[in-house]
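Please read it alongside the sequence and structure shown here.

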Amino acid sequence: VDGTVTGAEVAELNADGSPQLYVCVNSAGSGTYWSLAAWSAGQKKSLSTISLPERAENPVNGMGYMGHDELVVAEQYLVRSSPVYREGDSNAAPGGGI
């Protein structure tokens, strides 16, 4: 991976009876931009890559985004959260909540 692994979760989120592996990778630098490496265990025999859209590429979810993501599995959901930055906020002081 390109960056530092900062978390991993194993979960069975798609109800197919086989687990998925989600690995959170943060880039170097002050923004610590997040990426996700994910695999699904097909019939518990082989791993297939799961691709998910990048948050910064989504015009709504990318608004106010400057990194510092966290990843958790809550019940049957993969939850990604990050601070929301307003115009003029420094990277160390987000003013728009989470």
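Two strands pair if DSSP finds at least two bridges between them. By that rule, β2 and strand β3 (residues 34–42) pair in the antiparallel sense, with seven bridges. The model is predicted.

**Strand pairing**
- Strand β1 (residues 4–11) also pairs with β2, in the antiparallel sense and over seven bridges.
- On the β3 side, the bridge partner of C24 is L36.
- Strand β2 spans residues 20–26 and is mostly covered, with six of its seven residues buried.

**Nonpolar core**
- Seven residues make up the largest nonpolar core: Y22, C24, W34, L36, A38, Y65 and L71.
- Two or more residues of this core come from each of β2 and β3.
- The biggest share is that of β3, which gives three residues.
- In soluble globular proteins, nonpolar side chains tend to be buried together.

**Residue V73**
- V73 lies in strand β5 (residues 70–74).
- Buried residues have under 20% relative accessible area and exposed ones over 50%, so V73, at 25% relative accessibility, counts as partly exposed.
- Not counting residues up to four places away in sequence, V73 touches E9, A11, L13 and L78.
- V73 and L13 are 60 residues apart along the chain, and their C-alpha atoms are separated by 9.0 Å.

Methods:
Residues are numbered from 1 along each chain as its sequence is written. This is a predicted model: local features need pLDDT of at least 70, side-chain atom pairs count only at pLDDT 80 or more; totals for chains, interfaces and linings use all residues. Side-chain values use heavy atoms; hydrogens and water are left out. Buried means under 20% relative accessible area, exposed over 50%, partly exposed in between (1.4 Å probe, protein chains only). Helices (H or I, at least four residues) and strands (E, at least two) are DSSP runs, numbered from the N terminus. Contact means heavy atoms within 4.5 Å. A nonpolar core is a set of buried Ala, Val, Leu, Ile, Met, Phe, Trp, Tyr and Cys residues joined through side-chain atoms within 4.5 Å.
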